[in-house]
Amino acid sequence: MNSQNTPVHIKLWHREFWQLAVANLLLSMSVYMLIPILPIWLGKEENFSLIEIGLSMGVFSLGLFLLGPFVSYLVQHYRRNKVCLWAIALLIGCQGLLWYMDTMKCQFVEFWLILLQRFGLGALFGLAQMVLASTLVIDTCESFQRTEANHSASWFGRFALSLGPLTGLLIHQLCGFRVIIMVSMGLALASFLLIRMVEFPFRAPEDHVHVFSYDRFLLDKGGVLFLNLLLITIALGLCIGQMDTLEEFGMMMTGFLLALLAQRFMFRDAELKSEVVTGLILLLAALLINMTQHTAVAFYISSTFIGMATGIIGTRFLLFFIKLSRHCQRGTSQSTFMLSWETGMALGVGLTYILADLLPQQVHVIALSLTAMALLMYNGLTHNWFLTHKNR
């Protein structure tokens, strides 16, 4: 089948699923709200160079992979919801380290300490997301609802990409950096409590589970999709790294809503290739507008296009990963998608600051080149490769 129309099951939207979906939104917001704010603090308060800021933001992507090989072992030997809760609790502590650093007004923060904090934040966020998206969400629904559950829950995390920075910028204008950290910790705590209130059935652990495993971590044959999505998300990260106003992130949220409407009506029975191609064309258009127009209206239009592209492409690639996996690999496909998505975003945001120092006039050109490469790769390789190798 070359089109995709994800069905809607009203019974999916019960209390437990709502709690986990909102928990995903709040947890993602708690991390994403620092994207536009942390670089400001590092530059103005801690005198970091642009390259140091870029490395600090980008090292988050390396941390995402640290605990992935142990996810299968952890969820088999311990209650899976407990693993997620412990990851979020430690993440709150990791965020609290930033609050402590901000209180040390008598001295500047060491660069290595920020790198360690960002790396640890990435590791804990990655672990929490792998367990939440690949295990807990699908534990609350029937087998025939799982694709819709993954699709819907991922949208809540995607909304956080605009709502998080929007919240951070608003609080920064009103209250300052320290309050942002407290709100970030509060959002993660609210996510913790929502997950804590959900009852999960006990599942007996499997025998002979290896401590180190690719299960629930990386899909063994997902390399082509991973690389194609990585190119796209690095370009998106380069765009988001340059957004620094409430209006831009607000228009990005508008783009998300338009993407939802487009998927429900415009792409309802469209050919499968159309969504990714349309999303990449919208991203190319947004970058060309940013390169040639410098008015407020132009930035609002480009931000809307970026939101639409992010929503359309993210949803389609998530379903690609699910359809590529075998029945027992659904959780692994979720984790692989999340790693490609978050890694590209973090690398893109980090590269924004590094390139601003080394090649200040070329950020949009590089993002445009990556998007064009992603479009050529998808149209020339990835799409046909997926149709050949999909399992569903």
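Predicted model: local features only at pLDDT ≥ 70, side-chain atom pairs only at ≥ 80, totals over all residues.
- In soluble globular proteins, nonpolar side chains tend to be buried together.

**Aromatic pairs**

- The structure contains 18 aromatic pairs.
- One of them joins F159 and F256, whose ring centres are 6.3 Å apart with 55° between the planes, a tilted arrangement.
- F159 belongs to helix α7 (residues 146-174) and F256 to helix α10 (residues 246-266), so this pair ties together parts that are 97 residues apart in sequence.
- F159 and F256 are both buried.
- A further pair is formed by F320 and F386, with ring centres 4.3 Å apart and planes at 40°, so it is tilted.
- F320 sits in helix α12 (residues 296-324) and F386 in helix α14 (residues 363-389), so the pair ties together parts 66 residues apart in sequence.
- Both F320 and F386 are buried.
- F65, F70, F212, Y214 and F217 are linked into a cluster by ring pairs.

- R158 is a residue of helix α7.
- With a relative accessibility of 4%, R158 counts as buried, because the cut-off for buried is under 20%.
- R158 lies over the face of W155, 4.7 Å from the ring centre.
- R158 also lies over the face of W341, in this case 5.8 Å from the ring centre.
- Apart from neighbours within four places in sequence, R158 contacts F256, T310, G311, G314, T315, F337 and W341.
- R158 and T304 are 146 residues apart along the chain, and their C-alpha atoms are separated by 14 Å.

**Helices α9 and α11**

- Two packed helices are described by the angle between their axes and the distance between the axes.
- The axes of α9 and helix α11 (residues 273-292) come within 12 Å and cross at roughly 30°.
- The crossing of α9 and α11 is left-handed.
- On the α9 side the contact is made by I232, A235, L236 and C239, and on the α11 side by L280, L283 and L287.

**An exposed phenylalanine**

- F265 is located in helix α10.
- The relative accessible area of F265 is 61%, so this residue is exposed, the cut-off being over 50%.
- F265 and V276 are 11 residues apart in sequence, and 16 Å lie between their C-alpha atoms.

**Residues with positive phi**

- Most residues other than glycine have a negative phi.
- N47 is not a glycine, yet its phi is positive, near 60°.
- N47 is found in the loop between α2 (38-44) and α3 (50-63).
- The relative accessibility of N47 is 52%, so N47 counts as exposed.
- R216 is not a glycine either, and its phi is positive at about 65°.
- R216 is found in the loop between α8 (177-196) and α9.
- The relative accessibility of R216 is 14%, so R216 counts as buried.

Terms used. Residues numbered from 1 in each chain as written. Heavy atoms only, no water. Phe/Tyr/Trp six-rings, centres within 6.5 Å; stacked < 30°, edge-to-face > 60°. Helix = DSSP H or I, 4+ residues; strand = E, 2+ residues; numbered from the N terminus. Buried < 20%, exposed > 50% of the residue type's maximum accessible area, 1.4 Å probe, protein only. Lys NZ or Arg CZ within 6 Å of the ring centre and 35° of its normal. Contact = heavy atoms within 4.5 Å. Axes fitted to C-alpha atoms, helices over the stretch in contact; angles between N-to-C directions. Left-handed = near helix turned anticlockwise from the far one by under 90°.
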